[in-house]
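Please consult the sequence and the structure shown here while reading.

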Amino acid sequence: MHHVLTDFGLGKNTGIDLPQESAGIVPSKAWKQSNKHQPWYGGDTVITAIGQGSLLSTPVQLAKATSILANRGFYYYPHILKSTTDFQKQEHNLIFQKNNIEQHQLKNYEIIDRSMRDAMQRGTGY
């Protein structure tokens with residue numbers, strides 16, 4: 001789970017053009033042993049999977065992860081600015097940089113997409 005969550009941008013800086021961005025925390029067996037001096041229990045997996053426990057993320061990380069899900073594996077680095085202009089050179093440069101995460105099976109994206117939609121149309125989000 002740690003590997004997949006970090007693939008989706010949790011637990012590391014997003015690259016947004018803001019100072020002092022927080023990386024957050026994606027707990028793992030090694031992290032818990034090192035920081036809490038406790039073993040990893042099955043319950044740790046459950047609470048991490050639902051976004052609780054020691055998992056710590058920023059709103060920008062969650063937006064990036066959601067965009068990766070919606071786009072089936074690709075994303076743009078988040079930015080505050082849409083573009084920059086060098087008036088001396090009369091150049092206008094878009095900032096967008098497209099990236100891909102490690103390839104995950106398409107069926108997994110479809111399951112997550114359906115589950116998120118069901119939560120909003122029939123479940124707790126309704």
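Arginine 122 is exposed because its relative accessible area is 66% (buried means under 20%, exposed over 50%, partly exposed in between, with a 1.4 Å probe and protein chains only). Its side chain meets that of aspartate 118 in a salt bridge, that is, a side-chain nitrogen of Lys or Arg within 4 Å of a carboxyl oxygen of Asp or Glu. Aspartate 118 is partly exposed, at 27% relative accessibility.

This is a predicted model, in which local features need pLDDT of at least 70 and side-chain atom pairs pLDDT 80 or more, while totals for chains, interfaces and linings use all residues. Residues are numbered from 1 along each chain as its sequence is written, and side-chain values use heavy atoms, without hydrogens and water.

The structure holds 3 salt bridges.

| Salt bridge | N to O distance |
|---|---|
| Aspartate 44 and lysine 32 | 2.7 Å |
| Aspartate 113 and arginine 117 | 2.5 Å |
| Arginine 122 and aspartate 118 | 3.5 Å |

Aspartate 44 pairs with lysine 32, and this links distant parts of the chain, helix H3 (residues 42-49) and helix H2 (residues 29-36). Helices (H or I, at least four residues) and strands (E, at least two) are DSSP runs numbered from the N terminus. Aspartate 44 is buried at 14% relative accessibility, and lysine 32 is buried at 8%.

Aspartate 113 and arginine 117 lie 4 residues apart in helix H5 (residues 106-121), so about one helical turn separates them. Arginine 117 is partly exposed, at 40%.

Isoleucine 80, in the loop between strand E1 (74-76) and strand E2 (83-86), is exposed at 55% relative accessibility.
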